[in-house]
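The following paragraphs lead through one protein chain, from its overall pattern to individual residues. Please keep the sequence and the model in view while reading.

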Amino acid sequence: MMSEHPYTILTDLRQSTRFEREFGVEEVVIWNVPGDERLAYVHDESLGGLGLYLDDVRGLDDGAKVDMVFAGQLLRGCIRHIEPRDEGGYVVGFE
């Protein structure tokens with residue numbers, strides 16, 4: 001007999017499909033303070049967000065707003081999550 005859980009586990013709350021990218025192919029420049037630009041690479045992209053690979057997340061926290069140049073466009077994003085990678089660095093999710 002299977003035991004019933006008293007709660008529901010939600011594994012994916014994304015509102016739109018994410019399209020993963022190959023590491024190192026698409027570059028993005030981000031900054032939250034002028035003069036502190038950082039190079040990042042696209043991890044995944046969706047209608048409402050962008051996931052980026054970053055080596056250094058010092059000064060970046062959940063909820064921080066950053067400017068970025070991606071695909072020839074100047075964008076403004078808000079950090080929604082920061083996840084360490086086993087290989088080193090981080091994946092940072094922006095809305």
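Which pattern does the chain follow when read along the sequence? The pattern is β-β-β-β-β-β-β, and the secondary structure comes to 0 helices and 7 strands. Helices (H or I, at least four residues) and strands (E, at least two) are DSSP runs, numbered from the N terminus. This is a predicted model, in which local features need pLDDT of at least 70, side-chain atom pairs count only at pLDDT 80 or more, and totals for chains, interfaces and linings use all residues. Residues are numbered from 1 along each chain as its sequence is written, and side-chain values use heavy atoms, with hydrogens and water left out.

Of the 95 residues in the chain, 31% are buried, where buried means under 20% relative accessible area, exposed over 50%, and partly exposed in between (1.4 Å probe, protein chains only). Among contacts (heavy atoms within 4.5 Å) with a separation of 6 or more, 42% join residues 24 or more positions apart.

Asp44 belongs to strand β3, residues 38-45. With a relative accessible area of 6%, Asp44 is buried. The side chains of Asp44 and His43 are joined by a polar contact of 2.6 Å; such a contact is a pair of N or O atoms within 3.5 Å, one able to donate a hydrogen and the other to accept it, and residues adjacent in sequence count only if both atoms are side-chain atoms.

Val29 lies in strand β2, residues 27-31. Val29 counts as partly exposed because its relative accessibility is 31%.
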